[in-house]
Amino acid sequence: MVAWTDAERKAIQDIWGKLKPAAGQKLFTIARIPCLIVYPWTQRYFSSFGSLSDAAAIKSNKKVAAHGEVVLKGLGLAVKNMDNIKATYAPLSVLHSEKLHVDPDNFRLLGDCFTIVVAAHLGRAFTADIQAAWQKFVAVVIAALAKQYH
Amino acid sequence: MSLTAKDKEVVKGFWAKIAPKIEDIGEDALSRMLVGYPQTKTYFSHWKDLSPGSAEVRKHGKVVLSGVGEAVKTIDDLTNGLLRLSELHAFQLRVDPANFKILSHCLLVVLAIKFPDDFTPEVHVSMDKFLGAVALALSEKYR
């Protein structure tokens with residue numbers, strides 16, 4: 001069981017509040033760009049998505065945008081169930097392992113990229129304490145996603 | 001994943017933009033590392049004040065970022081350029097090399113915050129590769 005301080009809960013809910021509206025999905029698409037460019041081997045999971053050859057292609061790719069929405073919904077689940085992310089994510093973990101065959105190391109890469117994008121979006125409001133809380137949340141999400149791999 | 005000519009050009013160009021602010025950047029990156037990854041505090045038990053923005057953090061942030069600046073200057077031969085620093089980290093400081101990745105991440109976060117327009121995905125990838133190469137060169141003398 002993960003223990004969250006009140007400050008950490010507030011930080012996560014605050015960040016989520018700023019990401020949730022349409023901006024959030026756009027943001028995730030934007031996070032996808034760095035991830036697919038900075039770690040190009042992650043493109044292996046999106047071979048059916050069409051052209052991902054450069055930032056412009058990724059930005060205008062409708063499948064990437066749609067996928068961004070799917071992933072953001074998943075993150076929202078974690079935000080709503082902060083005290084039980086492991087159980088909440090069990091089916092998602094099985095999906096990523098058994099059906100999607102995603103190497104869990106990719107979760108960490110995307111997590112880092114997303115953190116950097118969130119930082120750019122929030123600017124100075126993304127203080128050291130808030131970054132720490134956010135990264136703790138991301139780490140818990142990643143652990144839960146990797147839990148059902150065997 | 002070695003640095004291409006393009007990577008080096010991007011890194012040098014970006015560094016020129018951020019060089020005037022290395023004291024702020026260094027302080028911010030180090031603060032985030034100490035707060036977000038408390039295990040890194042073990043290397044600074046001799047400091048009086050490990051809180052974000054303390055005089056010691058600010059001073060050391062500048063030292064570290066100046067080191068990265070040195071690496072930019074010797075980007076064509078990091079192994080030799082960072083020999084002295086590698087020996088320092090290996091034999092005196094004995095910092096576990098896993099921590100280089102942590103500080104690199106914190107530095108990228110700070111750069112994204114402070115330079116939102118310049119820190120494009122292309123700059124991000126070149127800087128990420130560069131910091132990885134620096135970490136490798138710093139680890140050279142460890143064993």
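Biologist: How far is the backbone oxygen of Ser48(A) from a polar atom of the side chain of Lys63(A)?
Modeller: The two atoms are 3.0 Å apart. This is a predicted model, where local features need pLDDT of at least 70, side-chain atom pairs count only at pLDDT 80 or more, and totals for chains, interfaces and linings use all residues. Residues are numbered from 1 along each chain as its sequence is written, chains are lettered from A in the order in which they are written, and side-chain values use heavy atoms, with hydrogens and water left out.
Biologist: Which residues does Lys63(A) touch, not counting residues up to four places away in sequence?
Modeller: Lys63(A) touches Ser48(A) and Phe49(A), where contact means heavy atoms within 4.5 Å.
Biologist: Is Lys63(A) buried, exposed or partly exposed?
Modeller: Lys63(A) counts as partly exposed because its relative accessibility is 44%. Buried means under 20% relative accessible area, exposed over 50%, and partly exposed in between (1.4 Å probe, protein chains only).
Biologist: New topic: how many residues of chain A and chain B are in contact?
Modeller: On chain A 23 residues are in contact with 20 residues of chain B.
Biologist: And how many salt bridges are there between chain A and chain B?
Modeller: The count is zero, a salt bridge being a side-chain nitrogen of Lys or Arg within 4 Å of a carboxyl oxygen of Asp or Glu.
Biologist: What classes of residue make up the side of chain A that touches chain B?
Modeller: That side has 14 nonpolar, five polar and four charged residues. Ala, Val, Leu, Ile, Met, Phe, Trp, Tyr, Cys and Pro count as nonpolar, Asp, Glu, Lys and Arg as charged, and the others, Gly among them, as polar.

Note on methods. A polar contact is a pair of N or O atoms within 3.5 Å; within protein, one must be able to donate a hydrogen and the other to accept it, and residues adjacent in sequence count only if both atoms are side-chain atoms.
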